[in-house]
Structure formats: structure tokens, C-alpha cells
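Let's walk through this structure together, starting with the whole chain and then zooming in on one residue. Keep the 3D view open as you read.

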Amino acid sequence: MIDNHRYQFDVDLKKQHQIEYISGSDEVGRGAMAGPIVVASVILKSDYFNPLIKDSKKLTQKQREGLYQEIIDNCIAYSIKEYSAQIVDQLNPKATSVLGMKESIKDLQIKPQLCLIDGENVMLEDYQTLKIIKGDNISQSIAAASIIAKVFRDNIMKKYDITYQGYNFKKHKGYCTREHIEQVIKLGVLEIHRKSYKPIAQIEEN
């Protein structure tokens with residue numbers, strides 16, 4: 001049986017609000033101690049449906065990478081925003097994510113009539129927004145945004161893996177794994193590390 005509940009959720013919202021354009025927004029990298037937070041917003045074509053589009057964390061890397069270009073090819077607008085470790089340290093992860101939601105929505109080439117936001121209350125003047133808890137498993141639009149953001153960020157971390165030898169960024173993608181912490185202790189804190197995060201702050205103190 002084909003799982004179309006995420007697609008149907010978006011369709012039902014359009015009917016309920018009598019609108020044509022809804023956007024989905026999601027972020028990735030909030031819990032990482034290195035690299036950027038990336039936020040994506042997307043407006044999918046109204047007739048586009050793929051049951052594989054779901055929470056990016058529930059997909060393999062190969063599945064996400066295959067869906068990335070397909071989603072871009074089947075949307076009428078998308079926007080990706082990247083925020084460095086320095087910005088995350090300055091604003092905090094939550095505020096950075098909210099900023100990214102706002103800026104990516106405003107940057108869409110077509111103005112959405114309803115903006116679906118994964119897990120955050122985002123107040124945006126002249127836009128109607130709707131917070132959806134665990135939205136990447138409920139809305140196809142949010143799930144598509146989560147995949148776009150995840151693949152975009154993973155590609156950044158793969159480049160960092162080449163630039164900063166020995167940290168193995170291509171594997172842990174900057175998250176707080178034991179291996180990552182051990183490599184930072186051994187090789188040092190980088191400019192892409194978030195100094196406000198406890199593991200990095202503790203290493204810098206020693």
C-alpha cells in the first residue's frame with residue numbers, strides 16, 4: 001500500500017484554506033557542534049507526489065541524494081539559507097533556525113499563501129504561518145525541505161572533510177560523536193566549531 005498521508009495532508013490544507021501555494025520549511029544541523037545550520041523552504045508543484053519523501057533522518061544517504069534533484073525539479077520555488085558557526089554562537093541555535101525560516105520563506109520567488117514550519121513558532125509579517133510538530137513526517141512539503149537542507153549541509157561537511165584532514169567530517173557531519181570529540185581534543189578546535197557548545201567550550205578551557 002502506497003503511503004500518501006504526507007501528500008494528502010498538504011492537499012487537505014489547500015482545500016481547507018482555499019489556496020494554491022503552501023511552503024514547507026525545515027532546518028538541519030542544529031545539534032551539531034561544527035559546521036553551519038542550514039534551512040530550506042520549498043513550494044512543490046501541486047500534482048507532485050513521491051511516497052519516498054519523508055523525514056530525511058529516516059532515509060539513507062543514497063535515497064536523500066537521489067531525491068534532492070528530483071525535489072528541485074518538481075518545485076515551483078525553493079530557497080536555502082546557510083548560517084555559520086559564528087552566527088550560531090552569536091544568536092543561539094533556536095534563534096538561528098527561526099531566522100533561517102523567515103529569510104528562506106521571504107526569499108521564495110513565489111509568495112506562499114500558507115507557510116508550514118517544522119516545530120517552530122515563526123511570526124512573519126504579511127505571511128500566514130503554521131507550526132507543525134514533527135512536520136517532516138506529516139507534511140510532504142516540510143519533508144521535502146528537510147531533504148534539501150540535509151543534502152545541502154552534508155555536501156558542505158564533505159568539503160570540510162577535505163579542508164580539515166583528520167576530523168572525519170564526512171562521517172559524523174559535525175555532530176557530537178565520541179570520535180569527533182576525541183579528534184578535536186587531539187587536533188584542536190577549528191573556526192567551524194561552535195564555541196558556545198558545551199563539548200567545545202570544555203575542550204577550550206583545558
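Start with how the chain meets itself: of the contacts with a separation of 6 or more, 66% are between residues 24 or more positions apart. Contact here means heavy atoms within 4.5 Å. Before going on, know that this is a predicted model, where local features need pLDDT of at least 70, side-chain atom pairs count only at pLDDT 80 or more, and totals for chains, interfaces and linings use all residues. Residues are numbered from 1 along each chain as its sequence is written, and side-chain values use heavy atoms, with hydrogens and water left out.

Now trace the fold. You'll find eight helices and five strands, arranged along the sequence as α-β-β-α-β-α-α-β-β-α-α-α-α. (Both are DSSP runs, numbered from the N terminus: helices are H or I with at least four residues, strands are E with at least two.) Of the 206 residues, 49% are buried, meaning under 20% relative accessible area with a 1.4 Å probe, protein chains only.

Next, zoom in on serine 146, which sits in helix H5, residues 140-163. Is serine 146 buried or exposed? Its relative accessibility is 3%, so serine 146 counts as buried. What does serine 146 touch, leaving aside its neighbours within four places in sequence? The answer is Asp26, Lys54, Asp55, Ser56 and Asp136. Lysine 57 is 89 residues away along the chain, yet its C-alpha atom and that of serine 146 are separated by 8.7 Å. Finally, the side chain of serine 146 reaches the backbone oxygen of alanine 143 at 2.7 Å.

Terms used
Buried < 20%, exposed > 50% of the residue type's maximum accessible area, 1.4 Å probe, protein only. Polar contact = N/O pair within 3.5 Å; in protein donor to acceptor, adjacent residues only side chain to side chain.
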